[in-house]
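Please look through the model shown below with this short report at hand.

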Amino acid sequence: MPASRRRRVAVLVLEGAKPLDVGIPAQVFTTRASMPYEVRVCGARPGLVTGGDGLSYHVADGLDALARADIVFVPGYRSPDREDPPAAVVEALVAAHERGARLAAISTGAFALAATGLLDGRRATTHWHYTEALAAKHPLVRVDGNVLFVDEGSVLTSAGAASGIDLCLHMLRGDLGVAASNHAARRLVAAPYRSGGQAQYVPRSLPEPLGERFAATREWALHRLGEPLTLEILARHAAVSPRTFSRRFTEDTGYTPMQWVMRARLDRARELLERSQLGVERIAAVVGLGTGTNLRLHFHRVLGTTPTDYRRTFARGE
């Protein structure tokens with residue numbers, strides 16, 4: 001959602017912080033003229049923080065950065081199941097949350113959020129290797145090890161490092177709209193949308209080399225949203241049976257093919273509402289939903305709002 005001032009984003013680096021986990025929110029919520037965010041990387045105290053994988057971080061800010069932040073990210077860190085973060089860190093996270101900041105964990109950063117008690121009674125996730133440890137250490141947390149990220153409103157958690165991108169794009173989409181999120185995804189050369197409910201990984205005894213073919217089919221479909229797109233049409237393009245296509249597509253994206261098509265159509269409708277003056281009836285036709293009534297129905301069912309209210313919120317970033 002547009003704001004009159006830059007939102008402050010704090011990336012809290014703990015001892016043993018994982019480099020990719022630190023870099024993801026700093027890159028997605030980058031401090032630049034086109035983005036209403038100001039990113040600060042901080043630690044338990046200013047100075048050198050020993051990270052993981054042979055890297056260290058020299059941070060200019062301590063926990064005072066959390067007192068000014070609108071969003072606080074906690075990247076994953078080494079051996080989170082062995083000991084809690086320092087008491088001062090836990091207290092600063094609780095205080096930031098009480099002040100209204102959103103707290104978001106990437107990978108094993110979920111252990112730091114769990115130590116605050118803010119995840120008690122809530123769903124949460126972490127890297128699949130640590131889900132059992134998180135559940136054992138914090139039994140009041142409803143750990144879901146089979147998703148990419150979990151949005152519980154003011155506290156959010158994600159699985160391994162790459163799913164941190166999905167979480168950040170999800171948050172960006174909620175703040176600024178789908179056009180801004182898609183622009184950030186293109187800048188990162190990342191998938192613009194993966195369902196938070198998608199499985200972290202799908203074990204197979206033998207690999208089936210269909211992922212790239214399905215990626216091409218998804219891209220093909222995105223350019224034909226105004227045309228009929230049935231399961232049979234999509235499977236024919238992918239050159240597999242509808243049954244195989246449906247099963248593998250769901251594994252790859254977290255959606256059935258028809259759920260994905262609907263999401264793609266609604267996302268395209270959101271972009272047009274944000275960036276054009278086209279009427280609702282015309283947008284419905286362009287994205288393949290037929291009528292304005294149909295667009296309103298699906299818009300409300302999936303997004304909980306109306307096209308008119310959505311446009312009022314996001315159109316042209318006003």
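Predicted model: local features only at pLDDT ≥ 70, side-chain atom pairs only at ≥ 80, totals over all residues.

The buried residues of the helix are Val89, Val90, Ala92, Leu93, Ala96 and His97. They cover an arc of only 165° around the axis, which puts them on the same side of α3.

The buried residues of α3 pack against several other elements, namely the strands β1 (7–13), β5 (71–74), β6 (102–105) and β10 (155–158), together with the helices α2 (64–67) and α4 (110–115). As for its length, α3 has 12 residues (residues 87–98) and should span 16 Å at 1.5 Å a residue, which agrees with the 17 Å that separate its end C-alpha atoms. Just after the helix, Gly100 takes a positive phi of about 115°.

## Charged pairs

Side chains of opposite charge can pair when their charged atoms come close. The count in this model comes to eight salt bridges. One of them joins the side chains of Arg40 and Asp61, with 2.8 Å from N to O, and this pair links distant parts of the chain, since Arg40 belongs to strand β2 (residues 37–43) while Asp61 sits in the loop between β4 (56–59) and α2, 21 residues apart. Arg40 is partly exposed, with a relative accessible area of 36%, whereas Asp61, at 9% relative accessibility, counts as buried. Arg40 and Asp61 also belong to a network of salt bridges in which they are linked with Asp64 and Arg68.

A salt bridge also forms between Asp144 and Arg123, whose closest N and O atoms are 3.0 Å apart. Asp144 lies in the loop between β8 (142–143) and β9 (149–151) and Arg123 in strand β7 (residues 123–124), so the pair ties together parts that are 21 residues apart in sequence. Asp144 counts as partly exposed at 22% relative accessibility, and Arg123 counts as partly exposed at 29%.

The salt bridge between Arg312 and Asp309, at 2.6 Å from N to O, is set within a single helix: both residues lie in α14 (residues 307–314), three residues apart, about one turn of the helix. Here Arg312 is exposed, with a relative accessible area of 61%, while Asp309 is partly exposed, with a relative accessible area of 33%.

## Cysteines

How many disulfides does the structure hold? The number is zero. Among the cysteines, Cys42 is buried, with a relative accessible area of 0%, and for Cys168, which is buried, the relative accessible area is likewise 0%.

In soluble globular proteins, nonpolar side chains tend to be buried together. In this model the largest nonpolar core has 31 residues, and those with the most contacts inside it are Phe29, Tyr37, Phe73, Met171 and Leu172. The elements that give two or more residues to this core are the strands β1, β2, β4 and β5 and the helices α1 (19–28), α6 (161–176) and α7 (178–188). The largest share, seven residues, comes from α6.

Leaving aside its neighbours within four places in sequence, Tyr37 is in contact with residues that include Arg6, Val9, Phe29, Thr31, Ile71, Leu172 and Asp175. A second, separate core of 30 residues includes Ala105, Leu119, Ala124 and Leu134.

Key. Residues numbered from 1 in each chain as written. Heavy atoms only, no water. Helix = DSSP H or I, 4+ residues; strand = E, 2+ residues; numbered from the N terminus. Expected span 1.5 Å × (residues − 1). Buried < 20%, exposed > 50% of the residue type's maximum accessible area, 1.4 Å probe, protein only. Arc of directions from axis to C-beta. Contact = heavy atoms within 4.5 Å. Salt bridge = Lys/Arg side-chain N within 4 Å of Asp/Glu carboxyl O. Disulfide = S-S within 2.5 Å. Core = buried A, V, L, I, M, F, W, Y, C linked by side-chain atoms within 4.5 Å.
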